[in-house]
Amino acid sequence: MADLYPLLPIISGVVMLGVLFRHLSFSALLAARGARAEGEIVGYTESSTSACMIVRFHTEDGRVIDAKHENTGWTASRHGDLVTVDYDPDRPEHARIVAAPWLSPWVRNMFTTVGLLLIGIGSLLAYLAWW
C-alpha cells in the first residue's frame, strides 16, 4: 500500500489541471461562439454547498437575463459592480464573467503551477520509491 502514496500528488495535480482545462475550454467556447454584454452584480444566492453571484445583463435581442455565476470571486464582488459577460445566445442564463474589477489571471497561473508541481513531486516520489 505504501508504494501507492506517490500517486496521491500525481492524481491531485491531474485533477487540478483537468478542472482548469474544463474552465478554459468553456471560456474559449463562449468567446468563440458566444456573445458579449455589459452586466451588473444584482445579488447573491447561497446554499449549503455553494454561493453564486447573480449578474443582470441585456442580450443582443433585448431580453433581460439574471444569470447565476459560480466563482470564487463572489466574496470580492460588490452589489452594483459593473462586469462584462460572455454568454451563449441559445442559453443566455449560462453566462461567464470575463472582466470585472476583482478578476485577475493569477488564479489560473496558480492552479497551473500547483498542478504541475504536484505532478512533479509525485513523479519524483514515484522514482524514489519504485526504482
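β1 (residues 35–46) and β2 pair in the antiparallel sense over 7 bridges; two strands count as paired if DSSP finds at least two bridges between them. A hairpin of 4 residues joins β1 to β2. Helices (H or I, at least four residues) and strands (E, at least two) are DSSP runs, numbered from the N terminus.

A note on what I'm looking at: this is a predicted model, where local features need pLDDT of at least 70, side-chain atom pairs count only at pLDDT 80 or more, and totals for chains, interfaces and linings use all residues. Residues are numbered from 1 along each chain as its sequence is written, and side-chain values use heavy atoms, with hydrogens and water left out.

Next, the rings. I found 3 aromatic pairs in the structure (rings of Phe, Tyr and Trp, the last by its six-membered ring, with centres within 6.5 Å; planes under 30 degrees apart are stacked, over 60 edge-to-face, the rest tilted). Phe-57 and Tyr-87 have ring centres 5.0 Å apart and planes at 35 degrees, so I logged the pair as tilted. The pair links distant parts of the chain, 30 residues apart: Phe-57 sits in β2 (residues 51–58) and Tyr-87 in β4 (residues 82–88). Tyr-127, Trp-130 and Trp-131 make up one aromatic cluster.

Then I checked the core. The largest nonpolar core holds 15 residues, and Phe-57, Val-83, Val-85 and Ile-97 have the most contacts inside it. Such a core is a set of buried Ala, Val, Leu, Ile, Met, Phe, Trp, Tyr and Cys residues joined through side-chain atoms within 4.5 Å. Leaving aside neighbours within four places in sequence, Val-83 is in contact (heavy atoms within 4.5 Å) with residues including Glu-40, Val-55, Ile-97 and Trp-102.

Last, the helices. α1 has 27 residues and reaches 38 Å between its first and last C-alpha, close to the 39 Å expected at 1.5 Å a residue; the expected span is 1.5 Å times one less than the number of residues. In α1 the buried residues are Pro-9, Gly-13, Leu-20 and Leu-30, and they pack against β1, β4, β5 (91–99) and α2. For α2 (residues 106–130), I noted 25 residues that should span 36 Å, and the end C-alpha atoms are 35 Å apart, which agrees. Gly-115, Gly-122 and Ala-126 are buried in α2, and α1 (7–33) is part of what covers the buried residues of α2.

Technical notes: Buried < 20%, exposed > 50% of the residue type's maximum accessible area, 1.4 Å probe, protein only.
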